[in-house]
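Let's take a friendly walk through this structure together.

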Amino acid sequence: MDQETFNISIRKFLKMVGVSSQREIEQAVQKSLQSGKLKGGESVPVKCTLEIPSLGVRVPFDGEIRLE
């Protein structure tokens, strides 16, 4: 295994996940603010699961996104 190639590949994947996730979260929050579902001062619980089926990996992550 080439460690440098492996690390670069992981970083590219995580960057894609981070950028795409942020865009989706921003759009969902904007829609919820516009519809009145959110007022703007809340904290929103968030969950994400990393899955690598071929390696038998399934790791949940829980957190919170504060709007104010």
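For sorting residues by class, Ala, Val, Leu, Ile, Met, Phe, Trp, Tyr, Cys and Pro count as nonpolar, Asp, Glu, Lys and Arg as charged, and the others, Gly among them, as polar. What you see is a predicted model, in which local features need pLDDT of at least 70, side-chain atom pairs count only at pLDDT 80 or more, and totals for chains, interfaces and linings use all residues. Residues are numbered from 1 along each chain as its sequence is written, and side-chain values use heavy atoms, with hydrogens and water left out.

With those classes in hand, the lining of the largest pocket has nine nonpolar, two polar and one charged residues. A pocket here is an open set of points on a 1 Å grid over the protein atoms alone, where a 1.4 Å probe fits, with protein on both sides within 12 Å along at least five of seven lines; lining residues have an atom within 4 Å of a point. Among the lining residues are Phe13, Val17, Lys47, Thr49 and Ile65. Helix H1 (3–35), strand S1 (43–52) and strand S2 (57–66) each give two or more residues to this lining; helices (H or I, at least four residues) and strands (E, at least two) are DSSP runs, numbered from the N terminus.

Next, find strand S1 again, where Ile52 is located. Ile52 counts as partly exposed because its relative accessibility is 32%, given that buried means under 20% relative accessible area, exposed over 50%, and partly exposed in between (1.4 Å probe, protein chains only).

Finally, look at Glu51 and Arg58, whose side chains meet in a salt bridge (2.8 Å, N to O). That term means a side-chain nitrogen of Lys or Arg within 4 Å of a carboxyl oxygen of Asp or Glu. Glu51 is partly exposed at 45% relative accessibility, while Arg58 is exposed at 57%.
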